[in-house]
Amino acid sequence: MRLKNKVAIITGAGRGIGKAFAIRFAEEGAAIVIAEIDLANAEHAAKEIEAKGGQALALHTDVSDEASTNEMAKKTMERFGKIDVLVNNASIYYGIGARPWDDRTPDEWDRIFAVNVKGSWLCCKAVVPHMIAQGGGNIINLSSGTHFSGGGRLIHYTCSKGAVISLTRVLARELGGHNIRVNAMAPGFTMSEASREMPGNPPNIEELISQTRCLKRSEQPDDLVGTAVFLASDDSAFITGQTIIIDGGGVFL
Ligand SMILES: NC(=O)c1ccc[n+]([C@@H]2O[C@H](COP(=O)([O-])OP(=O)(O)OC[C@H]3O[C@@H](n4cnc5c(N)ncnc54)[C@H](O)[C@@H]3O)[C@@H](O)[C@H]2O)c1
C-alpha cells in the first residue's frame, strides 16, 4: 500500500500501459481518475478496479482541449477533494505506423504535438493550482526510449517525446518551490495493444528488439508499473526533473 490515501489522475488509462498503471496504483491504495478520450474503455477499466475493491472515476477527457482538462481537474476535486499525482500517459501512438521521416503530413505532425506535448502541458496547467493549494504534488510524464535511440521511424512522435523531457525539466524547476515533483519515464518498445498492431513493423519486431537489449526479452506494460509506483510514492521524495529509461538496457543515458 505505497500509495495509500493518494488520489491519482492517469490520462489515457483506458487501455495499454496507462491501464496497467491504473490497476497497480489502485492495488497500492490510490483512488484513480481515468481521464480518457475513449469513455467506454475508461468505464471498463474503472469497473475492473472497483470489482477488486478500489476506487475509480472514469472521465471523458480530451487532453488537447483546455476546457476538457479543466473539467477533468474540477470533477476530480468534486469526487475526491485533492489531486496528489498526475500521470501524463495519454498519447497519439496507436496506429501511427513506422514510416520514413519525410512520409508524414503536417496535419499528422500537428495532431501528435497537440496531444503528446500540449496535452501534457494543459493537464499540468489544470491540476497544478490544486497541488499548490494543497501544499504539493507529483507529476509523471511518459516520454519514450525513441528519444534516446532515434529508432522506430516515428519522427513526429519521437520529437514530441523529446519535448516531453523538456517539459519535465522546465516544470521541475518552476514548481519545485511549491513542493511539486516532476519526472519522466522513457519506456522501450513495450508490447501494449498499440505496439502489437503497429503498421510498418516487421512481424518479428518483438524478437528483433529483444536482441538489442542487455536483458534479452520483450517488454510488457507490467515492466513499467514498479517505476511508476516508485516515482508516485514518497520513496522518491528527493527526485525531480529526471528521466528514467525502462527498457532492459536497450539504450544508456
Ligand atoms: N508501447 C510502447 O512501446 C511505448 C514506448 C514508449 C512510450 N510509450 C508511451 O506510453 C504511453 C502509453 O502507450 P500505449 O502503448 O499504452 O499506447 P495506447 O495508444 O494504447 O494508449 C494511449 C491512450 O491514450 C488515449 N488518448 C489518445 N488521445 C487522447 C486524448 N486526446 N485525450 C485523452 N486520451 C487520449 C487513447 O485512447 C489510449 O487509451 C504513451 O504515452 C506512449 O507514447 C509507449
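**Reasoning through a predicted model: helices, burial and aromatic pairs**

Colleague: Which residues of α3 are buried, and what puts them on the same side of the helix?

Modeller: The buried residues are Ser-68, Thr-69, Met-72, Ala-73, Thr-76 and Phe-80. Around the axis they cover an arc of only 140°, and therefore they lie on the same side of α3. A general rule applies here: an α-helix has 3.6 residues a turn, so residues three or four places apart point the same way.

Colleague: What covers that buried side, and what does the face turned away from it carry?

Modeller: The cover over the buried residues of α3 includes the strands β1 (7-11), β2 (31-36) and β3 (56-60), together with helix α4 (106-134). The face turned away carries Ala-67 and Glu-78, which are exposed. Just after the helix, Gly-81 takes a positive phi of about 80°.

Colleague: Why is the protein chain called as compact as a globular protein of its length?

Modeller: The chain holds 9 helices and 7 strands. Its radius of gyration is 17 Å, close to the 18 Å that the globule rule gives for 253 residues, so the description applies. Along the principal axes, the C-alpha trace spans about 45 × 35 × 35 Å. Buried residues make up 53% of the 253 residues. Among contacts between residues at least 6 apart in sequence, 75% join residues at least 24 apart. The chain exposes about 11,400 Å², and carbon and sulfur atoms supply 54% of that area.

Colleague: How many aromatic pairs does the structure hold, and what makes the pair of Phe-21 and Phe-25 tilted?

Modeller: There are 3 aromatic pairs in the structure. For Phe-21 and Phe-25, the ring centres are 6.4 Å apart, and the planes stand at 35°. Phe-21 and Phe-25 are both buried.

Colleague: Why is the pair of Trp-109 and Phe-113 called stacked?

Modeller: The ring centres of Trp-109 and Phe-113 are 5.3 Å apart and their planes are at 10°, so the pair is stacked. The cut-off for that term is planes under 30 degrees apart. Trp-109 and Phe-113 both lie in helix α4, 4 residues apart, about one turn of the helix.

Colleague: Why are Trp-109 and Phe-113 described as partly exposed?

Modeller: Trp-109 has a relative accessible area of 32%, and Phe-113 has one of 23%. Buried means under 20% and exposed means over 50%, with partly exposed in between. Trp-109 is therefore partly exposed, and Phe-113 is therefore partly exposed as well.

Colleague: How do you know whether Leu-171 is buried or exposed?

Modeller: Leu-171, found in helix α6 (residues 155-175), has a relative accessible area of 13%, so it counts as buried. Leaving aside neighbours within four places in sequence, Leu-171 is in contact with Cys-124, Gly-176 and Val-182.

Colleague: What is the backbone phi of Asn-5 and of Asn-179, and why do they count as exposed?

Modeller: Asn-5 has a positive phi of about 70° although it is not a glycine, and it is placed in the segment before β1. Its relative accessibility is 58%, so Asn-5 counts as exposed. Asn-179, also not a glycine, has a positive phi of about 65° and lies in the loop between α6 and β6 (180-187). Its relative accessible area is 51%, so Asn-179 is exposed; the cut-off is over 50%.

Colleague: Which residues of helix α9 are buried, and what do they pack against?

Modeller: In helix α9 (residues 222-232), the buried residues are Leu-224, Val-225, Thr-227, Ala-228, Val-229, Leu-231 and Ala-232. They pack against α1, β4 (85-88), β5 (137-142), β6 and β7 (243-246).

Technical notes. Residues are numbered from 1 along each chain as its sequence is written. This is a predicted model: local features need pLDDT of at least 70, side-chain atom pairs count only at pLDDT 80 or more; totals for chains, interfaces and linings use all residues. Side-chain values use heavy atoms; hydrogens and water are left out. Buried means under 20% relative accessible area, exposed over 50%, partly exposed in between (1.4 Å probe, protein chains only). Helices (H or I, at least four residues) and strands (E, at least two) are DSSP runs, numbered from the N terminus. The arc is that of the directions from the helix axis to the C-beta atoms. Contact means heavy atoms within 4.5 Å. The radius of gyration is taken over C-alpha atoms; the globule rule is 2.2 Å times the number of residues to the power 0.38. Accessible areas come from the Shrake-Rupley method with a 1.4 Å probe; for residues, only the protein chains shown count as cover. Rings of Phe, Tyr and Trp (its six-membered ring) pair if their centres lie within 6.5 Å; planes under 30 degrees apart count as stacked, over 60 as edge-to-face and the rest as tilted.
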